[in-house]
Amino acid sequence: MSPSGLKLAYGFAVLNAVIIGFSFLFAKTALAFASPLDTLTFRFAASFLAISVPAALGWLKLSYRGKPLLKALLLAMMYPLGFFTLQAYGLQHASSAEGGILYAFTPVVTMILASVFLKETTTILQKLSIALSVFGVVFIFWMKGGGMDWSNLTGISLLLLTCVAFAGYSVLARSLTKHFSPAELTFLMLGIGFAVFLVISLASHAIKGTLPQLAEPLASWTFIVSILFLGVISSLVTALTATYILSKMEASRMSVFANLSTIVSIAAGALFLGEEITFYQILGSVLIIAGVIGANRFSRVRPVQPAATTRVYGDASS
């Protein structure tokens with residue numbers, strides 16, 4: 001693997017964390033106009049439309065013949081379908097702080113699944129670094145007054161399953177990069193997500209007799225801008241880059257970068273919402289950054305199997 005390819009993967013990993021960190025602001029804005037289900041429908045409509053245009057124009061070469069489509073469908077079941085559905089219902093029964101604490105454990109779950117299914121190995125220092133990053137996130141939310149209500153088993157269980165869903169996606173996508181290009185996997189995932197969420201949303205409105213209300217949020221430019229960010233930037237761009245990253249580095253190393261999004265959320269809140277940055281947030285952020293650096297610095301470097309393509313766009317055969 002070329003050093004430039006790994007550097008690009010690191011850059012994409014940091015970029016994804018920044019995007020995810022800002023996505024919380026846009027998600028909050030969009031949810032002021034539409035329900036969680038309708039927001040997901042519009043979000044994936046925007047993302048699928050954005051990738052369908054270059055595909056229709058021939059700028060993206062997509063070929064699924066002779067490739068493990070069942071595994072790719074399972075991938076879409078984990079993410080976006082499983083992850084976002086479990087998250088939406090989990091947050092109905094739990095606080096956003098609880099969601100943030102539990103999501104921080106995703107790198108740990110990913111490390112376990114990757115060791116079982118991909119035979120990825122991690123050093124002791126790497127394990128400690130991942131734990132340090134997780135502790136940094138938990139510390140921030142805990143000091144903010146967002147402890148865990150262990151009597152709320154429904155919400156906690158669903159949010160824990162979001163960790164499993166995203167970890168499963170990371171592990172399975174890592175193996176599928178040997179057969180599919182990033183564009184092929186992303187097109188399939190976003191298409192399935194859009195189709196499923198659209199059907200569920202239409203059925204829900206039809207049962208309630210509120211179909212005309214589905215399009216009402218589109219009257220607001222604030223909602224449209226939020227959906228464009230969530231759909232095109234937060235869903236499409238991160239899906240493409242995440243698949244590229246997984247073709248270059250282990251799933252356990254990539255997943256720990258997600259905890260950087262907590263730092264971005266803090267910074268975004270301070271910049272755009274006037275929220276105060278506290279000492280414990282700074283301390284927690286230092287722990288997160290140290291953990292991310294350590295998880296990658298102390299990894300056992302092993303040759304990576306060549307992926308279907310080293311490009312973000314393009315056919316594996318080209």
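1. A cavity, as the word is used here, is a set of grid points where a 1.4 Å probe fits but cannot get out. In this predicted model, a search of the whole structure on that basis finds 1 cavity of 30 Å³ or more, and the space lying in the largest cavity comes to about 40 Å³.

2. The residues that line the largest cavity are Phe44, Tyr79, Pro80, Phe84, Met189, Leu190, Ser235 and Ala239. Sorted by class, this lining has 7 nonpolar residues and 1 polar residue, with no charged residues.

3. Three helices, α3 (69–93), α8 (182–208) and α9 (221–246), each supply at least two residues of the lining of the largest cavity, and α3 gives the most, with 3 residues.

4. Among contacts between residues at least 6 apart in sequence, 91% join residues at least 24 apart.

5. On overall dimensions, the radius of gyration of the protein chain is 19 Å, which agrees with the value near 20 Å that a compact globule of 318 residues would have. The C-alpha trace spans about 55 × 50 × 35 Å along its principal axes.

6. Concerning burial and surface, buried residues make up 52% of the 318 residues in the protein chain, while the chain exposes about 15000 Å², of which carbon and sulfur atoms supply 71%.

Terms used: Residues are numbered from 1 along each chain as its sequence is written. This is a predicted model: local features need pLDDT of at least 70, side-chain atom pairs count only at pLDDT 80 or more; totals for chains, interfaces and linings use all residues. Side-chain values use heavy atoms; hydrogens and water are left out. On a 1 Å grid over the protein atoms alone, a cavity is a set of points where a 1.4 Å probe fits but cannot get out, and a pocket is an open set with protein on both sides within 12 Å along at least five of seven lines; lining residues have an atom within 4 Å of a point. Grid points are joined across faces, edges and corners, and a volume is the space filled by probe spheres set on the points. Helices (H or I, at least four residues) and strands (E, at least two) are DSSP runs, numbered from the N terminus. Ala, Val, Leu, Ile, Met, Phe, Trp, Tyr, Cys and Pro count as nonpolar, Asp, Glu, Lys and Arg as charged, and the others, Gly among them, as polar. The radius of gyration is taken over C-alpha atoms; the globule rule is 2.2 Å times the number of residues to the power 0.38. Buried means under 20% relative accessible area, exposed over 50%, partly exposed in between (1.4 Å probe, protein chains only). Contact means heavy atoms within 4.5 Å. Accessible areas come from the Shrake-Rupley method with a 1.4 Å probe; for residues, only the protein chains shown count as cover.
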